[in-house]
Amino acid sequence: MNRAFTRKKDKSWMHTPEALAKHYISYSAKFLGHTEVDQPKGTEVVRDAVRKLKFQRHIKKSEGQKIPKVELQISIYGVKILDPKTKNVQYNCQLHRMSFCADDKTDKRIFTFICKDSESNKHLCYVFDSEKCAEEITLTIGQAFDLAYKKFLESGGKDVETRKQIGSLQKRIQELETENSELKRQLQGLEEQLMVTRVSPAGSVSMKSPSTDIFDMVPFSPVSPLTSAPSSNGTPPLPPPTRPAGTRKDLFGAEPFDPFICGAADFPPDIQSKLDEMQVTARL
């Protein structure tokens, strides 16, 4: 851990150790942003970063954009940058990753610190604007460094390693929770699509698809008359079928009338003579 602060002999720290060790000190400031720097510390390094971010903010201000306000929570574990309204953590700069902190002597409103990013391992310089508390915030971060270093010496370095492991586990838990939420959202979408395909729209009637069976395609009526047509080779047609034995009689005891199997003797003489005349006439 690089200690960027040394306490002045004629000036004591502003806060009690318990306030930073068990709780945190809160400040309000305007956040100019952060930018990558080549070195982990140095007055010239932060001065160039401040100049760069001031120029970018000047351009955004001319476009009508305001400098966002943030809340700083300082403790022996680091500096958290939060949205003052929603309290959402925008950046969590752990103290063991911070390598430099200073306030601008030419501009009393500006203070900065350099922190190594946990993912990209790049050194980022964070720049803030506070009209009245720039120097006080810098001293508070310095006191947090001093207390954290003393705790580090007392624990023999184990405390820092424990915080690193806890920080890694918390980050992994957050990633898993985000992944779990995304999987739940996808599963809910699939279930909704499945319900849409299973449930037909209201008022619709499901029609049976037409059968392609040959018996559905060819109509058949059991009472259709059978007409005997002459064969193509001139031979006489087959005789009509005879009535099968054991045919059941109707309700009055008479045998059912069948025009296809009745013979000449089945008709009365007068009807039979007329039928004979009609056949002779048809032959002529």
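**Notebook: sheet, helices and cores**

I began with the sheet: seven strands make an open, antiparallel sheet in the order E4-E3-E2-E1-E7-E6-E5. From one strand to the next, the twist averages 30°. I am working from a predicted model here.

**Entry: the E4 end**

I looked at how E4 is held. E3 and E4 run antiparallel to each other, with five bridges between them.

Cys 101 has its bridge partner in E6, namely Phe 113.

I then moved on to E6 and E7, which pair antiparallel over seven bridges. Phe 111 is opposite Phe 128 of E7. This hairpin also has six residues between its strands, and I noted Asn 121 there with a positive phi near 60°.

How many of the seven residues of E6 are buried? I get six, so E6 is largely enclosed by the rest of the structure.

**Entry: Thr 112**

I picked Thr 112 because it sits in strand E6 (residues 110–116) and counts as buried, at 2% relative accessibility. I listed what it touches beyond four places in sequence: Val 46, Val 50, Phe 100, Cys 101, Ala 102, Cys 125, Tyr 126 and Val 127. As a reminder to myself, side chains in a regular strand alternate between the two faces of the sheet.

**Entry: helix H2**

Next I looked up H2 (residues 43–62), which lies across E1, E5, E6 and E7 and runs at about 95° to E1. From first C-alpha to last, its 20 residues reach 29 Å, close to the 28 Å expected at 1.5 Å a residue.

Which residues of H2 are buried? I have Val 45, Val 46, Ala 49, Val 50, Leu 53 and Arg 57. Looking down the axis of H2, I see the buried residues fall within an arc of 125°, so they line one face of the helix. They pack against E1, E5, E6 and E7. On the other side of H2, Phe 55, His 58 and Ser 62 are exposed. After the helix comes Gly 64, with a positive phi near 100°.

**Entry: helix H3**

H3 packs on it, touching E1, E2, E3, E5 and E6, and its direction makes about 150° with that of E5.

**Entry: the cores**

The largest nonpolar core has 29 residues, and I noted the ones with the most contacts inside it: Leu 72, Ile 74, Met 98, Phe 113, Tyr 126, Phe 128 and Ile 141. Among the elements that each supply at least two of its residues are helix H1 (17–21), E1 (25–37), E2 (69–75) and E7 (123–129). H3 gives the most, with seven residues. Apart from this core I found another, of 12 residues, including Ala 49, Val 50, Leu 53 and Ile 114.

Last, I looked up Phe 128. Beyond four places in sequence, its contacts include Phe 31, Leu 32, Val 70, Leu 72, Ile 81, Phe 111 and Phe 113. I also saw Lys 30 and Arg 109 among its contacts.

Terms used:
Residues numbered from 1 in each chain as written. Predicted model: local features only at pLDDT ≥ 70, side-chain atom pairs only at ≥ 80, totals over all residues. Heavy atoms only, no water. Helix = DSSP H or I, 4+ residues; strand = E, 2+ residues; numbered from the N terminus. Buried < 20%, exposed > 50% of the residue type's maximum accessible area, 1.4 Å probe, protein only. Contact = heavy atoms within 4.5 Å. Core = buried A, V, L, I, M, F, W, Y, C linked by side-chain atoms within 4.5 Å. Pairing = 2+ DSSP bridges. Axes fitted to C-alpha atoms, helices over the stretch in contact; angles between N-to-C directions. Expected span 1.5 Å × (residues − 1). Arc of directions from axis to C-beta.
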